[in-house]
Amino acid sequence: MHGVLSSEVTVNVPASEAWDLYGTLKLMDVVIPEFFSAINVLKGNGEVGTVLKLFFNPGALFYAFEETIVTIDEKKMIKETDASKGGYLDMGFNLYRIRYDVIPKSKYSCITRVTLEYDLKEGWISNAQYVSLVPFIGFLRVGSNYLIANTKHTASG
């Protein structure tokens, strides 16, 4: 079973400012307090091939999993990560990919989009119920608030 979910937010900051957050590991620092107990960089420093171990707060679906950055396109402002160990892969997923896009709208405005793509093995289809954009919409909200608070050039000022 294959699926794709997506959500986006308009942010009144230049696309380059948003990309500086979403295209780097800085996003992890911004979202850790609300969504994770810790994030460890196991390999790399933000480039393709970087491996992160994400530790979730109590009550989450699982304790931790690893993800690998598989795509960074500076020109198109796209970053993709794939689950690479544990977590969703232990629940029958062949693929659990998170894609962040930053899309310029105007000089001081952009769209930040998150897309979740997944593929489940036969016999594991019921685990599709655990696929949710809710945390990623939260990432967009926290990222948007951070960008507005920390960017000098915004559409409103």
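Buried means under 20% relative accessible area, exposed over 50%, and partly exposed in between, with a 1.4 Å probe and protein chains only. At 10% relative accessibility, Tyr88 counts as buried. Phe62 is buried too, with a relative accessible area of 16%.

This is a predicted model: local features need pLDDT of at least 70, side-chain atom pairs count only at pLDDT 80 or more, and totals for chains, interfaces and linings use all residues. Residues are numbered from 1 along each chain as its sequence is written, and side-chain values use heavy atoms, without hydrogens and water.

**Aromatic pairs**

The structure holds 15 aromatic pairs. Rings of Phe, Tyr and Trp (its six-membered ring) pair if their centres lie within 6.5 Å; planes under 30 degrees apart count as stacked, over 60 as edge-to-face and the rest as tilted. Two of the pairs are set out here.

| Pair | Centres | Planes | Class |
|---|---|---|---|
| Tyr22 and Tyr100 | 5.7 Å apart | 35° | tilted |
| Phe62 and Tyr88 | 4.9 Å apart | 90° | edge-to-face |

Tyr22 sits in helix H1 and Tyr100 in strand E6, 78 residues apart. Helices (H or I, at least four residues) and strands (E, at least two) are DSSP runs, numbered from the N terminus. Both Tyr22 and Tyr100 are buried. Phe62 lies in the loop between E3 and E4, and Tyr88 in the loop between E5 and E6, so their pair ties together parts 26 residues apart in sequence.

**Wider setting**

Phe62 and Tyr88 belong to one aromatic cluster, with Phe35, Phe36 and Phe56 also among its members. Tyr100 is in contact (heavy atoms within 4.5 Å) with residues including Tyr22, Leu27, Met77, Arg113 and Phe139, leaving aside neighbours within four places in sequence.
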